[in-house]
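Please look over the model below before reading on. My notes cover the ligand and some helix pairs.

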Amino acid sequence: MKTDVVLGLQWGDEGKGKIVDVLAERYPVVARFQGGPNAGHSLHFDGRSFVLRSIPSGIFRDDAVNIVGNGVVIDPITFRDECENIARTGVPVKDRILVAKKAHLILPTHRLLDAANEAAMGKGKIGSTLKGIGPTYTDKVSRNGLRVGDILAEDFRQRYEKLKTRHVKMLRQMEYACDPDAEEATFMEAVDYLRQFTLIDCEYYVNETLKTKPILAEGAQGSMLDIDYGSYPFVTSSSTACAGACIGLGISPSSIGHVYGIFKAYCTRVGSGPFPTELFDETGEKLRKIGNEFGAVTGRPRRTGWLDLVALRYAVMISGVTDLIMMKSDCLDTFETIRVCTSYMVDGKETAQVPFDTYARIEPVYTDFKGWNSDLTGCRSESELPEAFRNYISFMEEYLGVPIRIISLGPDREATIMR
Ligand code: IMO
Ligand code: MG
């Protein structure tokens, strides 16, 4: 059996939560493979809404097993809050979630370091969610990190103290005023809570599973926030592309099946960094309002702009996307003209490639489409879609070289057309 992967192809917030929730019906196992509580995956069904941070979006499906994979960084405090919130609705979270022993732990001092780093960068800051993601992955790579499996060790407390001491030294050096002990007791309680879960050797579990069952791997963030291929340094600290699923779960590239790439019919970005098609006018404001583009985690207003096909084709290439999923085209229902960026002008030269230089002045070159000017939200089949809309998606399929298999026309599970 194969692992099918769901990835965000833009700057995050593409609607991964909804799609994983919809697809989870077909998969007995759903697994997160990177990122951490910087993610905010929104789900809407039966008139209820949830925002998931570290827990896979298969959690509300009765038969699905949900894995927090080894590539994830997990904050026991957020994890407990999230689990308790879901448990209140009657979901048996402890029976449905397995946590990889090799996933790294976010300590309260990692969050302080995140804040200290951002403060030190001043105007050049990344615009991090300040959940401790960067410092935790830094400790992982520099071989100082603590892993979930360590909480089972008798000397866990000593290991924690050792890492905390290191962090306190760094915070002092950065002259960052804070109380490193403030959340320690809460953290230790949350670690006790985490111990009640089944902690697994993820690589053995998933490979054993694949002998008889398919897995759905749920990405967080988006391709343009990838540590290698995103708009560095304005990125997150993990591999958000398809290859990250192999490392983050312990599976072979040959076990990857479908690669579902999700994109919104326009673009948003939260935090700093380049955004070639960004709109600073009332059109941008309108997109933000209609699309309700405010951070699910931080509440920050998201930057908005037209769809960027240059960046999207780049993301499709990096991950070998086999199936596209288009979100929120209903948000464009009332626009007279709909623009898509099909190339960039960089230093007076036209190019259809994403330039190396994050600071380059990029002028987007647009192709315009006449808007369909009708309400798509009620459409439940392909035949109900207006011709102008169908022309628009045919153009994108041609440009991207990949079929659009799912069109989402609203946040609810039901507002989905499968093609
Ligand atoms: P989901 O999974 C949107 C952005 C932050 C910041 C940069 C680095 O909901 O799509 P970090 O906290 O990782 O150090 O922040 O990445 N970012 C996201 N933007 N959606 C996300 O996740 C994001 N996770 C991180 O705003 O610019
Ligand atoms: Mg988000």
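The points below start with the ligand and then turn to the helices.

1. Keep in mind that this model is predicted. Every value below is computed from it.

2. Start with ligand 1. Which residues of its shell are the closest? They are D13, K16, H41, T129 and T236. In total, 20 residues surround the ligand. The shell divides into 7 nonpolar, 10 polar and 3 charged residues.

3. V270 uses its backbone, with a polar atom 3.0 Å from an oxygen of the ligand. G127 also uses a backbone N or O atom, at 3.3 Å from a ligand oxygen. How much of the ligand does the protein bury? Taken alone, ligand 1 exposes 550 Å², and the protein buries 97% of that.

4. Next, the helix pairs. Two packed helices are described by the angle between their axes and the distance between the axes. Check both values for each pair.

5. Helix α4 spans residues 108–121, and helix α5 spans residues 133–141. Their axes come within 7 Å and cross at roughly 110 degrees. Angles of 65 to 115 degrees count as roughly perpendicular, so α4 and α5 are roughly perpendicular to each other. The crossing of α4 past α5 is right-handed.

6. Helix α6 covers residues 156–173, and helix α7 covers residues 184–195. Here the axes come within 13 Å, and the crossing angle is roughly 135 degrees. That angle makes α6 oblique to α7. α6 passes α7 in a right-handed crossing.

Note on methods:
Residues numbered from 1 in each chain as written. Chains lettered and ligands numbered in written order. Predicted model: local features only at pLDDT ≥ 70, side-chain atom pairs only at ≥ 80, totals over all residues. Heavy atoms only, no water. Near = heavy atom within 4 Å. Polar contact = N/O pair within 3.5 Å; in protein donor to acceptor, adjacent residues only side chain to side chain. Areas by Shrake-Rupley, 256 points an atom, 1.4 Å probe, with all protein chains shown as cover. Nonpolar A, V, L, I, M, F, W, Y, C, P; charged D, E, K, R; others polar. Axes fitted to C-alpha atoms, helices over the stretch in contact; angles between N-to-C directions. Helix = DSSP H or I, 4+ residues; strand = E, 2+ residues; numbered from the N terminus. Parallel < 35°, antiparallel > 145°, perpendicular 65-115°, else oblique. Left-handed = near helix turned anticlockwise from the far one by under 90°.
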